[in-house]
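Trainee: Could you show me how to read the way helices pack and where open space is left, taking one feature at a time?

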Amino acid sequence: RRASVIRALRDHIAEGSKGRLRAEDVHEHGPLFDRGYLDSFSYVEFLAFIEEQYGVRIEDSQLAGHLMTIGAMADHILREQTPSAE
């Protein structure tokens with residue numbers, strides 16, 4: 001399941017790059033901004049994709065904080081989708 005989330009995020013970033021990146025070029029542990037995967041324009045669209053696709057809302061502060069890679073983003077999405085056993 002984690003692998004499919006990572007694949008979807010990679011594919012989305014590659015599509016948004018308009019041919020500049022291939023999905024395989026987007027590394028799971030590569031920083032989203034430092035590697036040029038997202039810029040100030042594409043990150044808004046990326047967050048909208050995550051909310052629409054997975055029903056998970058991510059605040060700007062989370063993205064700039066601990067959700068800086070595809071892997072961290074996938075883990076967060078899966079945690080948010082899994083109901084806690086309370």
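Trainee: In which hand does H2 pass H4?

Mentor: H2 passes H4 in a right-handed crossing, a term used when the near helix is turned clockwise from the far one by less than a right angle. Helices here are DSSP runs of H or I with at least four residues, numbered from the N terminus. This is a predicted model, in which local features need pLDDT of at least 70 and side-chain atom pairs count only at pLDDT 80 or more, while totals for chains, interfaces and linings use all residues. Residues are numbered from 1 along each chain as its sequence is written, and side-chain values use heavy atoms, with hydrogens and water left out.

Trainee: At roughly what angle do the axes of H2 and H4 cross, and which residues make the contact?

Mentor: Two packed helices are described by the angle and the distance between their axes. The axes of H2 and H4 (residues 70-81) cross at roughly 35° and come within 12 Å; axes are lines fitted to C-alpha atoms over the stretch in contact, with angles from 0 to 180 degrees between N-to-C directions. Phe46, Ile50 and Tyr54 of H2 make the contact (heavy atoms within 4.5 Å) with Ile70, Met73, Ile77 and Gln81 of H4.

Trainee: How do the axes of H1 and H2 cross?

Mentor: The axes of H1 (residues 2-16) and H2 (residues 42-54) come within 11 Å and cross at roughly 140°. In H1, Ser4, Val5, Ala8, Leu9, His12 and Ile13 meet H2 residues, including Phe46 and Ile50.

Trainee: Which residues of H1 meet H4?

Mentor: Arg2, Val5, Ile6, Leu9 and Ile13 of H1 meet residues of H4, among them Ile70, Met73 and Ile77. H1 passes H4 in a right-handed crossing, and their axes come within 9 Å.

Trainee: How much space lies in the largest pocket?

Mentor: Rolling a probe the size of a water molecule over the atoms shows where empty space is left. The largest pocket holds about 180 Å³, a volume filled by probe spheres set on grid points joined across faces, edges and corners. A pocket is an open set of points on a 1 Å grid where a 1.4 Å probe fits, with protein on both sides within 12 Å along at least five of seven lines, and lining residues have an atom within 4 Å of a point. Of its 13 lining residues, Ile13, Gly16, Ser17, Tyr37 and Ser42 are closest to the centre of the largest pocket.

Technical notes: Helices (H or I, at least four residues) and strands (E, at least two) are DSSP runs, numbered from the N terminus.
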